[in-house]
Amino acid sequence: MAVKDSASAHAKRLRKKDASSSSSIPKLLNNPKGTMALALLFIDSLLVSIIIAYVPYTKIDWDAYMSQVSGFLGGERDYKNLKGDTGPLVYPAGFLYIYSAIQYVTGGLVFPAQILFGILYIVNLGIVLLIYLQTDVLPWWGLSLICLSKRVHSIFVLRLFNDCFAMTLLHAAMASILYQRWHLGLIIFSAAVSIKMNVLLFAPPLFILMLKGMNISGVISALASAALVQIVLGLPFLISYPIEYISQAFNLGRVFIHFWSVNFKFIPEPIFVSKEFAVSLLIAHLVLLAAFAHYKWCKHEGGLFNFLSSRIKSCLSTSSSSWPKTLKKEYIVTTMFTGNFIGIVCARSLHYQFYSWYFYSLPYLLWRTPFPTLLR
C-alpha cells in the first residue's frame, strides 16, 4: 500500500512538473521581451550564416594566432619566443589553450573557424539578452539594438579575434553573479582575463560589488579561486620561464602603435607615446572610478570611505552585521558596465576590435540616463 501511495505521489509530481513546463512556453511567448529575444537569436543566426557564406574573411591576426599556437604546441615555453606576424605573444595562457583547441578542431583553416565563431557569437548574444531580460531596463523593441552592429558581427565571424572569447566569458561571469553565484562568476571572470587582460577594466566595480554582496571570508575565497585559475593555467610557463611569462602576458605598460589608435589619433605621436600622457590617463581613470564609487555605487552607504569603514568595522565586530546584502540586478549590471566604460574612456589606445569590449553595454547605459528616447 505504501509503495502504491509513493508511486501515485511520484506520478502527481511528474504531471505537475510537465504542466509547469508546458505552461512556461505560452508564458514566454506572451512576454514581449522573451519573444523578442528568441526572435533576435533566430534572425541573427540566419544573418551570421549569410555573412560567413558570402562576405570575404578579413585577414588580420589569425595567422599570427596560429603561429603562436604552433610554437606552444611544439614545446616552446619561453613567452618571448612565441611570435607571429604581428609580433610576440602578449596574451595570458588561456589564449593559447583556446586557440590550440580551435586549431585542433579546424586544422588551422579559416572557414571552419568562422563557423565556430558564429556559434560563439550566438552564445554570447544569448547571454547578453539574458542579462538584459533579468534587469528589465530596455523596452522590448530596444533589444534589437544589441544586434545592429555591423562591426561586432565582423569582429566575431570575419576577423576571429580573441576579444570574442574574452567578452563572452565576461558576460557569462556577469550572468552568474546576477544569480548570486559569486564564486563561479569569479572563476569565469578569471578565465576571461586569461584570454585578454582588457577584462580587468571590470575589476574595480566587481570588487565593490563583492564587498557588498559577500562576507569577508567569501570575498577572500572567491579571490583565491580566481588567483588559482591564473596559476593553474599559467603553470607550464611559471615553472619554466616565470619572468618571461609574467612580463609578456601581464604587461600593463605596453605602448600601442599610434597609427592603429582610434580614440586618440588626433594627438601627436610624441605626446601619445609619452609616459606623461599615460600617467595622466591613469590618474583620470582612478579619479573617475573614485568619484563614481563615492557618489553613485556607495551612495546609500554614505560614500565610498564610509562604506569601506563600515565594512572594516563589521569584520572586527563579533556582533551580527548587515553584510552581506542581496544586490539588485540592475545595480550589479549598471555598476559593472559603468566601471568598464570609464576604463574605455581613459584607455590610451582603442583599436577597432576593442568595440566589442563595450558595445553591448551601450543600450543599457543609455537607458539608465534621464534623456528622452529620441536623444538616446
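Modeller: Let us start with the cover. The buried residues of α9 are covered by elements that include α7, α8, α10 (216-240), α13, α14 and α15 (329-345). Keep in mind that this is a predicted model.

Colleague: What makes α9 mostly covered?

Modeller: Buried means under 20% relative accessible area. In α9, 8 of the 11 residues are buried. Among them are Pro-205, Leu-206, Ile-208 and Lys-212.

Colleague: Why is the contact of Lys-212 with Glu-301 called a salt bridge?

Modeller: The cut-off is 4 Å between a side-chain nitrogen of Lys or Arg and a carboxyl oxygen of Asp or Glu. For Lys-212 and Glu-301 the N to O distance is 3.0 Å. That is within 4 Å, so the name applies. Lys-212 lies in helix α9 and Glu-301 in the loop between α13 (275-297) and α14 (304-316), so the pair ties together parts 89 residues apart in sequence. Lys-212 and Glu-301 are both buried.

Colleague: How do you know that Lys-212 lies over the face of Phe-307?

Modeller: The charge must be within 6 Å of the ring centre and within 35 degrees of the ring normal. Lys-212 is at 5.8 Å from the ring centre of Phe-307, and it lies over the face. Lys-329 also has its charged end over a ring, that of Tyr-179, 5.0 Å from the centre.

**Other salt bridges**

Colleague: How many salt bridges does a search of the whole structure find?

Modeller: The search finds 4. One of them joins Lys-33 and Asp-136, with the closest N and O atoms 2.2 Å apart. Lys-33 is in helix α2 (residues 32-54), while Asp-136 is in the loop between α5 (110-135) and α6 (150-157). The two are 103 residues apart, so this pair links distant parts of the chain.

Colleague: Why is Lys-33 called buried?

Modeller: Its relative accessible area is 15%. The limit is under 20%, so Lys-33 counts as buried.

Colleague: What makes Lys-196 and Asp-163 a salt bridge?

Modeller: Their closest N and O atoms are 2.8 Å apart. This is within 4 Å, so the pair qualifies. Lys-196 lies in the loop between α8 (182-193) and α9 (203-213), and Asp-163 in helix α7 (residues 163-178). Lys-196 and Asp-163 are both buried.

**Helix α7**

Colleague: Why is α7 described as largely enclosed by the rest of the structure?

Modeller: Because 15 of its 16 residues are buried.

Colleague: How do you know that the span of α7 agrees with its number of residues?

Modeller: At 1.5 Å a residue, the 16 residues should span 22 Å. The end C-alpha atoms of α7 are 22 Å apart, so the two values agree. Just after α7, Gln-180 takes a positive phi of about 65 degrees.

**Aromatic rings**

Colleague: Why is the pair of Tyr-91 and Phe-95 called tilted?

Modeller: Stacked planes are under 30 degrees apart and edge-to-face planes over 60, with tilted for the rest. The planes of Tyr-91 and Phe-95 are at 50 degrees, so the pair is tilted. Their ring centres are 5.0 Å apart. Both residues belong to one aromatic cluster, together with Trp-62, Tyr-65, Tyr-99, Phe-117 and Phe-165.

Terms used
Residues are numbered from 1 along each chain as its sequence is written. This is a predicted model: local features need pLDDT of at least 70, side-chain atom pairs count only at pLDDT 80 or more; totals for chains, interfaces and linings use all residues. Side-chain values use heavy atoms; hydrogens and water are left out. Helices (H or I, at least four residues) and strands (E, at least two) are DSSP runs, numbered from the N terminus. Buried means under 20% relative accessible area, exposed over 50%, partly exposed in between (1.4 Å probe, protein chains only). The expected span of a helix is 1.5 Å times one less than its number of residues. Rings of Phe, Tyr and Trp (its six-membered ring) pair if their centres lie within 6.5 Å; planes under 30 degrees apart count as stacked, over 60 as edge-to-face and the rest as tilted. Contact means heavy atoms within 4.5 Å.
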